[in-house]
Amino acid sequence: MEATTIQKQELYYPLMSEIIQVDHLTRTEKRFIISLPDGQSLGHKPGQFVELSVFGFGEAPISISSSPTKTGQFDLTIRATGRLTDKMHHLKTGNLVGIRGPFGNGFDVSLLKGKDMLFVCGGIGLAPLKSLIDYTLARRSDFGRIIIVYGTKNPSEILYPSEIKVWQERPDVEFHMTVDRPDVNWEGKVGVITTLIPPLDLVVERTVAAVVGPPVMYKFVLMALKAKRLPDENIYMSLERRMKCGVGKCGHCQINHTYVCQDGPVFHYPDIKRLEEAI
Amino acid sequence: MNYLDTITRMNLHEKYLLTSKQIPDFISFLKTQGAVYAAQKKGEQSYSYQYVEDPANVVLDYPRTIQPLKKFFLPPREELLSFDYQNNSYQKTDVVAEKRIFFGIHSYEMQGVLRLDYSFKKGNPEGNYLNRRENCIFIGVSYEPDEFHLANALGIEVENTEGLSIYLEPVREGYIAFVIDEAGQNLIQGFGKTAKVTETIHIKEKPAKAKIRYHYNRLPKVFEHVYTSQVWGQIAKKCLGCGTCNLLCSTCYCFDVRDEVSLDLQSGTRERFWDGCMLNRFAEVAGNENFRDELSSRTRHRLHRKFKYLTEESGALHCVGCGRCSKYCPAKINLGTTINALIDDFTEQQKLKEAY
Amino acid sequence: MSKPKVAFFDFTSCEGCQLNKLNFENDFLDMLEHVDIVEFREAMDDKADEYDIAFIEGSISTPTCIERIHDIRRRAKVLVALGQCACSGGVNAMKNLHQPDWVREEVYGNEKYRFPSIPAQPVSAVVKVDYEVRGCPMSAPEYLHIFKSLVMGRKPEIFDHAVCVECKLKENECVLDKGMFCLGPVTRAGCEAICPGNGQYCTGCRGPISNLNLEGAVEMLREHGFSETEARKRLHLFSANELV
């Protein structure tokens, strides 16, 4: 066999990296700012993910929630829902975690240049989209309008309140938010995320939508975007699967012939709309 | 397939006679050249590839082993790294590429390894697999297809020698060793006790018992049209979701990774295990949502991988017809029967299309 | 870090699970350094304090069981059902398939009025159960995994695939193939296929996988020469509550 001609890779060894800051975002979500050894940059694209591990607690794919324009460190926003993520919530500044990656395709930002960006973020879906939002804001003049549509179940689940405040105040960002179940202090809009879409005034030919949210959300958001006559070609979405290896081997994330960890997690909607089991 | 062609092709190779008495000597010689693995009896009526301690235990006439050869390159349970739990540090686990000689394997088994080679070389070539795969020599042997072997119907004849160094064909006195490549030549010469055979060897045809209604090269086409077939639902009625078909498949390579910590909580290992798309948790995502919940969609996925997805990419069917999924299925779901049912479904569809 | 307080309690069972613990005592010694055992088999009449982990063996089959398990639950941060009786009612639940009066008459005869009895239920039918160690007796590898996980503060990893998987990983010869009865294809793994690995058949003592194809299982056993009656009886042996 011609194995000698192939660059064999050590695919499964993590890089021990330091947690340099932990932010409590909500009751179930924390943001971890991580730095790789020797100050090296992750070199990721918006929308990519890493495999995060803690010895004894396993490994899991986590999307990167900071822009590549921020170098020397990167953010992971983590909801405590499993063996590894529960453990993460017990870790503190200075602790080491294992990082492999970045993996996946990410958003091809060259295709988005000059476009009006419409971000549709459902719940924790804001975390992966934040890498792209931050990127577009860092290169603000490269893009047309920036419209962010964000919906959560209740006000206590709102991620990144300080960033949201900035977005709300910036004249060059159109930010719309709604909650499903308001509390007594809530003064904003009430309703599911799809209620925010019809009132938008979009120039559909130059608008690109980036959609991330819980699995149930996609169908309804797509219907709402269709009603706005946004062409399918202008829609991108990121899918969540349990990418165990991140390198197209383990099979867990496979949807028909597609490996989410290789061909995704960001998908051009026309490529997956006929893919059963995808959304 | 014309059998005369096979005879002609095989006779182009150099041939040597290994008498029945010489076989144990030959194996002993092989043991001086590397670690020898061969089929040996396991339990009452099964076989397994095992390290050869005693050449007398090697079996050359067997239907199939329980696990395929993949277990040597992608072990059922493999340590990826070891860690110090208390100090949060780890050590890489070395993959030793020892020289190994696999003695007496069937052609579909070799083909299974070649398919795995494809899967582990593509995209991100995986060091763990490829290191184990280096320095391996394969010596093939003829076999009598049973009712589960689909290899012939899938285009892998008994005498397919791709990947092999030597091929053994039984004759009255013992075995004719066909030398396939240089490594094989070196082994035969190193052994040195065999007589060269010059006359034409008339290899006996080994008729396949299991048949598929279409030529195998039409199967990817069939699989393009049977995604919504009712056959998947029919199989799901019998299927128990035990995953035997995945785990024993020659070409399945999906895995899971788990960390385990020692009981004194000092150290631990990160290990990977064979996993399979028929199993419950395989396609689960956060919130316990499962995007392939039904056994029907799992079987569909499993077989589309064998006959369509990987085939479109690589050009080769990723079922090698070893027959393990049929032979060891507790519910006796037979792959040949399934494929024929899908073909029937496909022909029915075509007829309907023509009618309109 | 203070050591977690661990307690063990017995309900209706043969205590075979406790006995099984002694079989892997050596492995277990390392683990014991990390915990404080505060109760072992004792009744809770001393109003002892609270437990970090309470292990419960046995099914709930008398009115007093219900009171007692509520009391334990109130004091336990984590409650683990130990063995098949606690997880599903186990063998005890076979009595649920018969008239309660007949059962009591059969067992206690004239004294039956002195022994109030209710249908045998899993612990989870009465209180919230955090984790289950299945098996009759409970499976040692799963027990150690869960014990260790709880001490580490880690969610244990509980399998939901069949015993067949463990047999295939170990390349065991298939006992069904040898003409033996086996419930491995539909029984939840976690025992490392200890029975088929030793030439015995799987009795299904860890209960069915979550997506049990019951009719398929009966059909499979018929294909292997076992009558439907026998198939159903054996499937019910450890899983009467789950299969009703």
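1. What percentage of the 244 residues in chain C is buried? Buried residues make up 52% of chain C, where buried means under 20% relative accessible area, exposed over 50% and partly exposed in between, with a 1.4 Å probe and protein chains only.

2. A word on the basis of these values. This is a predicted model, in which local features need pLDDT of at least 70 and side-chain atom pairs count only at pLDDT 80 or more, while totals for chains, interfaces and linings use all residues. Residues are numbered from 1 along each chain as its sequence is written, chains are lettered from A and ligands numbered from 1 in the order in which they are written, and side-chain values use heavy atoms, with hydrogens and water left out.

3. Chain C contains 11 helices and 5 strands, both being DSSP runs numbered from the N terminus (helices are H or I with at least four residues, strands are E with at least two). Along the principal axes, its C-alpha atoms fill a box of roughly 55 × 50 × 30 Å.

4. Between chain B and chain C, 43 residues of chain B are in contact with 38 residues of chain C, contact meaning heavy atoms within 4.5 Å. The buried area here is about 3,400 Å², with 53% given by carbon and sulfur atoms; buried area is the accessible area (1.4 Å probe) that two parts lose on being put together, summed over both. Leu240(B), Leu263(B) and Asn280(B) supply 21% of the area that chain B buries against chain C, more than any other three residues.

5. The rule finds 6 salt bridges across the interface of chain B and chain C, a salt bridge being a side-chain nitrogen of Lys or Arg within 4 Å of a carboxyl oxygen of Asp or Glu. Glu171(C) forms a salt bridge with Lys71(B), and their closest N and O atoms are 2.7 Å apart.

6. Turning to the other interface, 40 residues of chain A are in contact with 46 residues of chain B, and the area buried between chain A and chain B is about 4,100 Å², of which 52% comes from carbon and sulfur atoms. The count of salt bridges between chain A and chain B is 4. Glu134(B) forms a salt bridge with Lys8(A), with the closest N and O atoms 2.4 Å apart.
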